[in-house]
Every structure is written in structure tokens, then in C-alpha cells.
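Reader: I'm new to this one. Can you walk me through the aromatic rings?

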Amino acid sequence: MATAAPVRSTYAYSTDQSFFLKTSLALSGLIVFGFAQWAFRGYVVPSQVPVWVHLHALAMLGWLGLLVTQNALAGRGNLALHKRLGWSSVGLVAFIVALGMVSAQQAIRLHRAPPFFSDAWFLALTHVEVTVFATLFVAAIALRRHTQWHRRLMLGATVIVMEPALGRMVPIPLLGAALGGWVECALQFVVLAVLAVHDRRMMGRIHPATLACMGALVATHALIQALAGLPVVAAVAQAIAAG
């Protein structure tokens, strides 16, 4: 009986680590698939894509690779390397945010934004998403000593930026930007709902970080729709499009 508690504790720790590694792999695979099938269907020709789009894609692949690697290192107990890679990710995230905003503005300026989005909508969509992504990342770094908060916020940040991949799988031209955005939100919410189920199994309750990520996700889509309808955002987008 004296060893029962440690055995259960070890099992719970192993199950928890395995969940986050598998979820990061599944999430990364889904995001890569979303963009890959778009190219395979002929909607984009990689050789004709501007260099800044390729850089943005490489940066995001770097983030997904880092997410999986960090979860794998945590599972193996290699916390020293995990911490070193964690600090290096600060530069990567800064690059992703800056390049994401620049790429969006270039797409509007060169009239390469998806035709089913208005320029104002696309401007709001891209800038809000990378801002929320960065905010969750910073919060995760600030709470790095609180493992359960840290790992959930990192996962939540990735859920935010999976929207462009979902946008290539959801029939937004048929649904419209507003409804399509909420359909994407629902699909993103599924990932966080799976996390919530895991929380309840492991600790008997939904972790506050999971709830925070859910709130951030809904707020992201609501803010995008609110900003896209503002005349000032439309004016800025129009100015960018005019060069």
C-alpha cells in the first residue's frame, strides 16, 4: 500500500506527458496537411509565391517543430535542453509576429489576399491572430515554472495560429467570412475541448489555463469581426492597397 500512491503518481505523470506530445504531433500534422492539400489541389503554385511567404511558412514550420521537440524533451526529462530551446524560441516568435504582419500587408498591397475576404477583414484577421498568439506565448514564458499553465498556454497559442490551415479546409467562399470564422472557431475549440477532457481525467477539473485559452480563442474571433467592421480599419486597409 505504501507504494500505491507513487505508482499512481508516476502513471499520471507519464500519461500527462504522453497526451501533450501526441496532441502537439496531431496538431502539427493537421496544420501541415491543411496547407499541403491546398497546394496539391492547385490553389497555389509554390514556385510563384513571393519569398516573404516562404519565410513565413518556414518560421511556422519551425514553431511546430519546436512545439513537438519541447514536449518530447519534457517527456524524456531533458529539462536543460528544453530550457535552452525555450529561450531561443523568443526570437522565433518575434520573427513570426513581425513577418506575419508584414506578409499580410504585402498581400493586401499586391492584391494577393484571399478574394473571399475584404482587405479590412484580412488585415484584422492576421494582426489580431499573431497578437493573441504572441500574448499567450509571453504568458507561457512568464509562467514557465508552473508546468501545467506553461504547456497549456503554449498549446493554446498554437491553436490560435491553426486558423489559416483550417481556412484552407473550410468552405469559406460558401459560408462567408463571418460564419466561416465561427466555424473555424468551433473546430479550434474541439482541440481545447479534448484538452479539457484530459484535464478532468488527470485532476478532476478543467485547468484554469485551458479555460483561459478557450476565452482567448472566442475573444480572438469576436475581436476580428468587430475590428473588420470599423471604418478606420477599412481606411487603413484601403491605404495599404493603394500603395
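Author: Here is a short tour of the ring pairs. One caution: this is a predicted model.

Reader: How many aromatic pairs does the structure hold?

Author: Six. Take Trp63 and Phe133 as one of them: the ring centres are 5.1 Å apart and the planes stand at 85°, so this pair is edge-to-face.

Reader: Where in the chain do those two sit?

Author: In distant parts. Trp63 is in helix 2, residues 51-76, and Phe133 is in helix 4, residues 119-142. The two are 70 residues apart, and the pair links those parts.

Reader: Is Trp63 buried or exposed?

Author: Buried. Its relative accessibility is 3%, and buried means under 20%.

Reader: And what about Phe133, buried or exposed?

Author: Phe133 is buried too, with a relative accessible area of 0%.

Reader: Which residues join Trp63 and Phe133 in a cluster?

Author: Phe137 does. Ring pairs link Trp63, Phe133 and Phe137.

Reader: New topic. Why is the pair of Phe116 and Phe117 called edge-to-face?

Author: Their planes are at 65°, and over 60 counts as edge-to-face. The centres of Phe116 and Phe117 lie 5.0 Å apart.

Reader: What is the accessibility of Phe116 and of Phe117?

Author: Phe116 has 25% relative accessibility, so it counts as partly exposed. Phe117 has 12% and counts as buried.

Reader: Last one. What sits over the ring of Trp38?

Author: The charged end of Arg168, 5.8 Å from the ring centre.

Key:
Residues are numbered from 1 along each chain as its sequence is written. This is a predicted model: local features need pLDDT of at least 70, side-chain atom pairs count only at pLDDT 80 or more; totals for chains, interfaces and linings use all residues. Side-chain values use heavy atoms; hydrogens and water are left out. Rings of Phe, Tyr and Trp (its six-membered ring) pair if their centres lie within 6.5 Å; planes under 30 degrees apart count as stacked, over 60 as edge-to-face and the rest as tilted. Helices (H or I, at least four residues) and strands (E, at least two) are DSSP runs, numbered from the N terminus. Buried means under 20% relative accessible area, exposed over 50%, partly exposed in between (1.4 Å probe, protein chains only). A charge sits over a ring if NZ of Lys or CZ of Arg is within 6 Å of the ring centre and within 35 degrees of the ring normal.
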